[in-house]
Amino acid sequence: MTTTTKPATPVAATRGRRPGAGGLALRQGRLEITQFLRSRESVVFTMGFPIIMILIFASIFDGTIGGGVKFTQYFITGMIATGLMTVSFQNLGIWIPIERDRGVLKRYRGTPMPKWVWFAGKVIMVVAIGIAETALLLAVAVALFDLDLPGTAGKWFTFGWVAVLGVTACTLCGIAISSLARTARSGSAVVTPVALVLQFISGVFFVFTDLPTWMQQVAALFPLKWMCQGLRSVFLPSSFGAQEPGGSFELGRVALVLTLWCVIGVVLCLTTFRWTTKRDG
């Protein structure tokens, strides 16, 4: 008596086609966005903070600054920049230590999933939330405070590359600074003071040239100041560039400094990032 053995069904046929690299990144990005939206505190703080601040400041300071520029027109540049920094640098710097402390990163590291997919998911989340936040902020400013949007394709292009370089630098620095937090609770204590100090010295809440010279020089060492300066070239008249510390908007230097910070961020991530806490070894 002979027996026949039924051929085994290929795994690919039973489980579906295995997603490629792009598919894995998109799935991880969707997961990161879902987790972000489920955290009401993160949504309110990250997306609501710039809107709340522009509502407060624009209601208090309804006059003009040098050159007849409305304060709202000047202030929106800092709010966009700080919003992008919040969703990237501050958000990642606080939440990655929480995931590390809970063992989430350790479990990711133990799966067959390539490590870069986890980072890609974070980047996709930052980009998606950053675009939504910026669009909402501009809509509120246009509707309530008559914000003048850029009127040329060239200015929108400048807006794009400043935002991309800025959010890239802040994302990499956020991942890097997350390693300074020893526990989940200390993430906010490490990152928030740094973010607040940078906002105050980088021309977010005040006209940058009204700040003390030494404060301007310190701010020039970090990306936020250059993000604000690049965005001022987009939303303010070209003539306003003469009032900048360098006598112009210095877009070439803006691109150079932000690119340099992207390189620094990569180096810091490669040399400092940890998947586990010290107690896990």
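## A conversation about one predicted chain

Colleague: Let us begin with Gly160. Where is the place of Gly160?

Modeller: This is a predicted model, and in it Gly160 lies in helix H7, which covers residues 153-177.

Colleague: Is Gly160 buried, partly exposed or exposed?

Modeller: Gly160 counts as partly exposed, because its relative accessibility is 28%, and that class lies between the limits of 20% and 50%.

Colleague: And what separates the C-alpha atoms of Gly160 and Leu231?

Modeller: The two C-alpha atoms are separated by 9.5 Å, although Gly160 and Leu231 are 71 residues apart along the chain.

Colleague: Leu231 interests me. Which residues does Ile80 touch, leaving out those up to four places away in sequence?

Modeller: Leu231 is one of them; the others are Thr134, Leu137, Leu138, Phe159 and Phe235.

Colleague: What about the largest nonpolar core: which members touch the most other members?

Modeller: They are Ile76 and Ile80, in a core of 80 residues. Helix H4 gives the most to this core, with 15 residues.

Colleague: Staying with H4, where is Thr82 found?

Modeller: Thr82 is in that helix, H4, which runs over residues 71-101.

Colleague: Why does Thr82 count as buried?

Modeller: Thr82 counts as buried because its relative accessibility is 0%, and the class takes in values under 20%.

Colleague: Which residues does Thr82 touch, again without those up to four places away in sequence?

Modeller: Thr82 touches Gln199, Val204 and Leu224.

Colleague: Now the whole chain. How many helices and strands does the chain have?

Modeller: There are 11 helices and 2 strands. Starting at the N terminus, the order of elements is α-α-α-β-β-α-α-α-α-α-α-α-α.

Colleague: What box do the C-alpha atoms fill?

Modeller: Taken along the principal axes, the box is roughly 100 × 40 × 35 Å.

Colleague: How many residues does the chain have, and what share of them count as buried?

Modeller: The chain has 281 residues, and 48% of them count as buried.

How values were computed:
Residues are numbered from 1 along each chain as its sequence is written. This is a predicted model: local features need pLDDT of at least 70, side-chain atom pairs count only at pLDDT 80 or more; totals for chains, interfaces and linings use all residues. Side-chain values use heavy atoms; hydrogens and water are left out. Helices (H or I, at least four residues) and strands (E, at least two) are DSSP runs, numbered from the N terminus. Buried means under 20% relative accessible area, exposed over 50%, partly exposed in between (1.4 Å probe, protein chains only). Contact means heavy atoms within 4.5 Å. A nonpolar core is a set of buried Ala, Val, Leu, Ile, Met, Phe, Trp, Tyr and Cys residues joined through side-chain atoms within 4.5 Å.
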